[in-house]
Protein chains: 2
Amino acid sequence: MSLRVKKYGGSSVATINHIKTIAQEIAKEKEQGYNIVVVVSAMSGETDHLLELSSSLYESPPPAREQDAIVATGEQKSSALMAIALEGLGCPACSFQGWQLPMTTDSTHSKARIQQIQKENILKVLDEGKVVVVAGFQGISEKGEVTTLGRGGSDTTAVAIAATLGADACEIYTDVDGVYTADPNICSRACHLKTVTYEEMLELSGLGAKVLQIRAVELARKYKVPLLIKSSFGGERYTWIKEEEGELDMEDAVISGVTLERNEAKIAVMEVPDKPGIAYRVISPLAEAEINVDMILQNVSIEGKTDLTFTVPSTELSRSRNLIEQIGEEIGIGGVRTNDSIAKVSIVGTGMKNHPGVAAKMFETLAAENINIQMISTSEIRISCVVDAKYGELAVRVLHDAFGLDS
Amino acid sequence: MSLRVKKYGGSSVATINHIKTIAQEIAKEKEQGYNIVVVVSAMSGETDHLLELSSSLYESPPPAREQDAIVATGEQKSSALMAIALEGLGCPACSFQGWQLPMTTDSTHSKARIQQIQKENILKVLDEGKVVVVAGFQGISEKGEVTTLGRGGSDTTAVAIAATLGADACEIYTDVDGVYTADPNICSRACHLKTVTYEEMLELSGLGAKVLQIRAVELARKYKVPLLIKSSFGGERYTWIKEEEGELDMEDAVISGVTLERNEAKIAVMEVPDKPGIAYRVISPLAEAEINVDMILQNVSIEGKTDLTFTVPSTELSRSRNLIEQIGEEIGIGGVRTNDSIAKVSIVGTGMKNHPGVAAKMFETLAAENINIQMISTSEIRISCVVDAKYGELAVRVLHDAFGLDS
């Protein structure tokens with residue numbers, strides 16, 4: 001019998017009425033003869049509320065073990081509510097919390113990594129003809145403690161369950177109806193995409209398309225679980241995220257999307273002595289402080305001195321600056337300049353692997369609008385440019401046009 | 001090292017500020033060198049809110065397994081919040097949910113009975129110098145399902161833990177500062193009691209003194225765990241609930257309290273054929289419907305017919321009447337009369353075992369006020385009279401005076 005794994009995000013289960021609506025859809029599918037595993041997030045706002053409660057009792061961050069025990073209750077509540085809603089429709093259902101499956105993780109509270117999902121309990125309940133409702137986002141450590149996977153962890157839970165059970169696909173229901181060529185709020189001519197590859201999605205989601213957690217996409221790619229993105233508020237549209245295939249709609253498209261990332265800041269470390277290991281000495285204190293350094297550029301050396309420029313999350317700018325100034329005193333630098341009014345514009349597409357000249361076209365398009373490029377970085381399927389923040393949205397629109405994404 | 005088990009009710013942890021205040025007291029005691037196990041209820045209002053959510057999804061009662069999974073989150077939240085509050089004060093703490101101890105129960109969801117509490121995890125954490133915070137009210141069944149103990153179950157959890165660990169006492173912090181000779185809202189001259197016996201408390205709590213769950217008192221009596229009732233809002237007053245001893249303050253008091261129960265209704269089954277087993281035939285359908293029948297009286301038989309009168313919770317009156325009318329048709333009865341404007345007034349005291357004439361004095365006192373007694377029932381240490389509801393409060397006051405409880 002065909003097995004469906006369906007994940008519903010917080011906005012999809014935001015109220016009792018939302019839960020009822022979704023339960024009706026699930027019950028209908030169950031009647032059609034599918035085996036169904038549902039993974040739910042906490043009702044929207046719940047996790048933030050729980051985090052607020054705990055941080056009001058502790059200078060942040062509160063003890064991670066207890067924090068996890070609190071926030072995990074959000075999904076426990078929504079999963080049991082979903083099971084009750086299904087039962088209320090005459091559709092037998094059974095909820096599982098992370099420890100009940102169990103889904104074992106490492107002990108890194110608040111960002112635990114999944115180790116294993118026992119499938120026996122799930123299979124037994126499916127066998128009894130019931131819908132399985134799993135509390136997303138949470139697991140249990142070897143020590144028997146509640147762990148959580150971090151923001152968006154329910155996506156990861158759903159993909160891991162789909163992989164473990166060998167489901168044909170993992171359906172992710174969220175508040176958008178799929179992936180677009182650009183953010184429709186920025187670019188009115190953004191087009192809906194029926195298919196993107198895992199690799200494209202990784203670049204798109206890492207770059208700010210808030211559809212799906214990057215970890216979930218990584219896991220889906222690793223275990224080759226096709227992901228279906230749909231809106232939980234209805235509508236016919238969907239986006240498949242899967243392996244690159246001959247028949248992909250995207251085959252001939254060079255670029256599948258343009259994205260904009262506004263939450264980064266730039267730090268330029270001037271006149272750094274250009275010695276082996278110097279980049280490591282500058283960057284490693286940030287890594288130790290768990291600051292995520294993104295683009296890193298090193299200029300050619302002039303008279304034994306080089307400039308090192310990189311971006312960090314805007315929220316980490318002042319911490320980063322302090323760390324860099326400390327290390328700067330030790331190694332001797334010319335100065336530190338920062339800029340938090342920047343935007344990162346990226347074009348993403350597997351097609352660019354076979355199409356030379358994509359980068360040139362991007363630079364030309366931006367230049368034609370007098371948009372100065374401050375930094376450039378590239379991957380196999382992505383080209384990113386840092387520009388002045390005020391040009392971010394314009395850049396998205398002109399690139400979207402230039403690469404014909406509206407057609 | 002001396003071990004203290006302290007239980008805080010919902011009103012004691014109603015808000016973040018309440019939790020902070022209590023955490024300060026606990027941290028202070030910890031500094032004084034005590035080993036401390038804290039048992040907490042859900043923040044007040046939380047359990048009702050969770051029940052409302054689930055019953056809005058299901059014609060009541062919702063599936064008990066899922067209902068338990070939802071309501072148990074209330075105590076999981078408050079226990080982890082309490083642990084964080086303690087850590088925030090520099091007092092190491094560790095929370096445990098029911099399944100983490102584990103506290104095993106039978107599978108009777110929503111009113112599970114405790115089977116065993118594993119003490120290893122608690123002892124290990126106490127050994128590490130931490131305060132143990134236990135989520136009250138919940139356990140885990142043999143099947144690995146979350147179970148709850150029913151209303152007031154956190155009291156029972158606390159007593160069971162105190163018994164398991166061999167604690168000297170179990171401290172129950174609630175919104176009142178102990179047990180009184182009568183409800184101070186009814187009888188302005190009600191006096192605070194420093195000590196009552198388990199037996200008295202069982203009669204008092206079963207009869208409506210809302211201080212403590214009757215199950216918790218039964219468990220405390222069984223394992224001889226002295227209970228200390230205090231207000232979590234401060235004050236010097238307290239009540240000990242313990243075994244009858246020579247030095248009890250109550251030794252010479254005949255009566256320790258007067259209680260009023262207003263939530264019962266009377267059903268009189270008229271002209272029942274007086275045959276062996278007839279009471280069983282009348283009452284057993286109610287027992288099967290899980291209706292709690294309280295006082296049962298059978299009149300002397302006249303011409304082979306008798307009247308059978310009993311009380312049930314007011315909320316069960318119409319269900320009970322229907323059941324009785326059904327059985328009445330089968331066995332042939334004269335009719336059914338019901339009355340839900342009754343009150344049950346009781347006097348309770350171990351002293352009455354050695355003092356004859358207590359009942360006579362009670363009846364005389366009520367008669368002097370022209371209060372008619374409709375039904376009477378007695379135990380070794382309690383005499384209860386059903387009177388017209390409108391006389392209930394007056395009856396409490398005159399009995400309180402007559403037995404000198406204000407001195």
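## Two helices of chain B

In chain B, the axes of helix 8 (residues 278–288) and helix 9 (residues 317–331) come within 9 Å and cross at roughly 145 degrees. Axes here are lines fitted to C-alpha atoms over the stretch in contact, with angles from 0 to 180 degrees between N-to-C directions. Helices are DSSP runs (H or I, at least four residues), as are strands (E, at least two), numbered from the N terminus.

Helix 8 of chain B contributes R281(B), V282(B), P285(B) and L286(B) to the contact, and helix 9 of chain B contributes S320(B), L323(B), I324(B), I327(B) and I331(B). Two residues are in contact if their C-beta atoms, placed from the backbone, lie within 7 Å.

## Source of the model

This is a predicted model, in which local features need pLDDT of at least 70 and side-chain atom pairs pLDDT 80 or more, while totals for chains, interfaces and linings use all residues. Residues are numbered from 1 along each chain as its sequence is written, and chains are lettered from A and ligands numbered from 1 in the order in which they are written.

## Chain A as a whole

Chain A has 11 helices and 22 strands. Its C-alpha trace spans about 75 × 50 × 30 Å along the principal axes. Of contacts in chain A between residues at least 6 apart in sequence, 75% join residues at least 24 apart.

## Where chains A and B meet

Chain A and chain B each give 27 residues to their contact. On the side of chain A, helix 1 (16–31), helix 2 (46–55) and helix 3 (64–88) each give two or more residues. Helix 3 of chain A gives the most, with 13 residues.
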